[in-house]
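Let's take a friendly walk through a protein structure, a few places at a time. Keep the picture beside you and look for each spot as we come to it.

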Amino acid sequence: MTLCISLSARPSNNGTRFHNHLYGQLDLNWIYKAFAPTNLEQAIAGVRGLGIRGCAISMPYKEDAIALVDEMDPSAKAIDSVNTIVNTDGHLKAYNTDYTAIEQLLATNSVPTGYSVVVQGSGGMAKATVAALRDAGFTDVTVVSRNEASGRALADQYGFRWRAALYGGTADLIINVTPLGMAGGTEADTVAFPAEAIEAARLVFDVVALPAETPLIRAARAAGKPVITGAEVATIQALEQFVLYTGVRPTAEQVQAAEEFMRAQ
């Protein structure tokens, strides 16, 4: 049996259910488990030492994992953020499939590149989001973050603006890439953007996958705004991880079945 795992400060069953359902559909003798590490360095050493094939990396470890791998794929190296580690005979190679998910969702939702954008957050997932926006052709982007050093650095890297808080500002597209609204946290009930920003937005995007309907997504739906959810991000990035781990790309029907199983919990 081949083992894959995820490491997160707040583990969920999303990835576990998605991957295991696909293993079952494809008759693969694999299993996927989720863990909350007490020591990241030791946990990733365990991936190497125990021959664990794949390891998903979630908040807040996407940058700390960089120093613990042997090789960075361009998808991770370009944005200094890791969400996937593949173990090949003890050699750990890091990837980032978050970028792929954001890129695909911007394209499939036909989001106009002329939209003004506010991205709230400056961690690993924010790096993937801002890079995808830049590469898609967006030019009017503001990074909003509590951490001035990381926020300014991220904005400067891609030629965008940084701001410490919204201060009543608005944008056509607002994107939350912070833990605000994430289940299990101290701010699980917090709406990531103020009401005026939601009302002014043409599209609301929350990358938080748990719960599927975050406070921000609920508020956006109530205001009649189109949304892109973290559950959609989770499905795409998990699929690309699955392909990296197994070398097998499931059919669209198999992915849909796994996604429905994941969301039915």
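Predicted model: local features only at pLDDT ≥ 70, side-chain atom pairs only at ≥ 80, totals over all residues.

Is Gln 120 buried or exposed? Its relative accessibility is 12%, and because buried means under 20%, Gln 120 counts as buried. Its side chain reaches the backbone oxygen of Ala 192 at 2.5 Å. If we set aside neighbours within four places in sequence, Gln 120 is in contact with several residues, including Val 144, Ile 175, Thr 178, Ala 192 and Phe 193.

Now move to Ile 31 in strand β2, which spans residues 30-35. Here the relative accessibility is 25%, so Ile 31 counts as partly exposed. Along the chain, Ile 31 and Asn 20 are 11 residues apart, yet their C-alpha atoms are separated by 6.0 Å. Asn 20 is also among the contacts of Ile 31 once neighbours within four places in sequence are left aside, as are Met 1, Thr 2, Leu 3, Cys 4 and Tyr 23.

Our last stop is a pair of helices. Helix α4 (residues 98-108) packs with helix α9 (residues 230-246) at an angle of about 125°, and their axes are 8 Å apart. That angle makes α4 oblique to α9. The two helices form a right-handed crossing. Which residues of α4 and α9 make the contact? From α4 come Asp 98, Thr 100, Ala 101, Ile 102, Gln 104 and Leu 105, while α9 brings Glu 232, Val 233, Ile 236, Gln 237 and Glu 240. Sorted by class, the contact has 5 nonpolar, 3 polar and 3 charged residues.

Methods: Residues numbered from 1 in each chain as written. Heavy atoms only, no water. Buried < 20%, exposed > 50% of the residue type's maximum accessible area, 1.4 Å probe, protein only. Polar contact = N/O pair within 3.5 Å; in protein donor to acceptor, adjacent residues only side chain to side chain. Contact = heavy atoms within 4.5 Å. Axes fitted to C-alpha atoms, helices over the stretch in contact; angles between N-to-C directions. Helix = DSSP H or I, 4+ residues; strand = E, 2+ residues; numbered from the N terminus. Parallel < 35°, antiparallel > 145°, perpendicular 65-115°, else oblique. Left-handed = near helix turned anticlockwise from the far one by under 90°. Nonpolar A, V, L, I, M, F, W, Y, C, P; charged D, E, K, R; others polar.
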